[in-house]
Each structure stands twice: as C-alpha cells, then as structure tokens.
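Me: I have a model open and want to learn how to read it. Can you take me through confidence first, then strand pairing?

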Amino acid sequence: MTSPRVNTLAVSTVIFALRPRGDTGATMIGTQLPDTALPDTALPGTQLPGNQLLWVPLVRRTRDPFLGLWALPGGWLSAEEELAVAASRTLHETTGLAPKFLEQLFTFGDLDRSPGDRVVSIVYWALVQSTEADRATVDDNVQWFAADRLPPLAFDHNRIVEYALWRLRTKMEYSRIAQAFLGTTFTLAQLREVHEAVLLRPLDPANFRRSMETSGTLIDTGERVAGARHRPPRLYRYSAGTEHPEPSQPAVRHTIQPPFQPTIQPTIQPSRHEEHAHDDRIR
C-alpha cells in the first residue's frame, strides 16, 4: 500500500538588484538577450540600453533532488514562525542580505512541482540597491545571475522568477517601486535608467521627462546634484500617496501580459517531516 504524500510548507525569495551588465562575480552569457527573453514591450533584436541589468542571487543545491542545480534562496517554515520572518531569516542565512523592500509575491503549489512529498512554497520578492547587493555573500554555491538569462533551475523556480519579473515590470506602471533601486532622492535620468533596465527597452528622454513631470507623482526637492559641471540636474522624490495612484492614469504606460496565471493554493500546515526545497545549509 502506497503511503499518502505529506503536505509541506516552505518559503522562497526572489531578490532583484540592478547591477552593471559585465559585473564580476556574476553570471551572464552574452550582452544581447534573445527575443524570447525580452518582455512584450521590447522590440525584436533590441540592444539593451544603458549599462545595468536586473540580477538575482541563486543558491546551488548540495543534495537531491536536483543536486547541483541552482535554486532560489529559501527554506522550510516552522510551525512557530511568521511567514515574513522566515523569508527574512532564510534570505539572510543564504545570501547575507536584509532588504528593506520585502513583499509576498504568490503561493506556488502545483502537485508535481517537487518529487516525493508535496511542497507548497510561499514566495516573497525583494528589491535591493546595488550597494547592498555588493555586500551579499558570493562563493561557489551562491552566485548572481542575469534575471532574463537564467539556466535551468531546480523545481519550478524558472517559472517563479518569470512571474516575479512580470510583477515588477507591471508594478513600475503605477507605484514608486523604482525608488527601491534608487534611494530617497534621484534625478529624472536615474529614474529613466531604472525603467529602461527593468523593461529592457530604451525610453525617449524628453517624453519620459514630460510624462513624469505631469504625472503628479514626483516632487522637485529644490536641490541639485552636488559637484556636477555646467547645469547640475535637479533632484526629485516621490510624493506621498504615490504607491496607488488612479490606475487609469499611470505615470508611464507599459502593456505587459502575465506569463501565466498561477493557481491560488490553500494554506497547508507545515509537517515536522518537511523537506526544505533549497540549500543544504538551511535546516
């Protein structure tokens, strides 16, 4: 008689950082992405604008299943631990990162996503600035990868990253999420570079400036970049309440279709026999 499968619960985190395209200690094949890696807003054969790309840190699995494959940082959830606390803990244990932006992304729990017992993953996503990303752990089993050029990952983690990329690119349209990559104040050129790097497409500087200045989402701080020659650029910040402006009037319009519609999974209590879905160092 076959033993019934055990329902287990885990947490995983997708971390995005904007880093130089040719960053040392990070992994990427080539400098021009194939058309299949570009979002719907990018034109075929698009040469990437600027010098920044979205990167994600991955952890190499050191045991079966999927021994040797890369996976998202994460681990199992104990019955006494809050979800966000578990996500923060496992992320810090594997990468050394403690991002300020950490938000629940979705629940992934397809029946066949893991061999053996069923594993339901509560997935979070985080955004960090490049200076914080530079302090992350990097070794033989923890590496940064270009988010749109990932190798085959363990479990359904390619699918999870794909969904997180869609969520990020969509959220650029109506929220202040770009600030997580920039800090409190920034120039319009810096803001445009973030949009270009996330969307993988160039934006016309004049149109972008006009769109942002008339959107009502930014405030001119009255300050300028110190030490700049000629006419130093102005510094801006997001206005209060920018997180959810009227959806019919986004600051910058980008039409991006979701890669898929994940099935909402019911909450499942963790088992003491739970097998975490990631690095062997998390127990």
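Me: What is the mean pLDDT of the protein chain?
Reply: pLDDT is the predictor's confidence in each residue, from 0 to 100. Here the chain's mean is 81, and 74% of its residues reach 70 or more. This is a predicted model: local features need pLDDT of at least 70, side-chain atom pairs count only at 80 or more, and totals for chains, interfaces and linings use all residues. Residues are numbered from 1 along each chain as its sequence is written, and side-chain values use heavy atoms, without hydrogens or water.

Me: Why is strand E3 largely enclosed?
Reply: Buried means under 20% relative accessible area, exposed over 50%, partly exposed in between (1.4 Å probe, protein chains only). Seven of the nine residues of E3 (residues 52–60) are buried, so the rest of the structure largely encloses this strand.

Me: Which strands pair with E3?
Reply: Pairing requires at least two DSSP bridges between two strands. E1 (residues 7–20) runs antiparallel to E3, with four bridges; arginine 19 stands opposite leucine 53. E8 (residues 142–146) is also antiparallel to E3, joined by five bridges. There, glutamine 143 is the bridge partner of leucine 58. E4 (residues 70–71) pairs antiparallel with E3 over two bridges, and valine 59 faces alanine 71 across that pairing.
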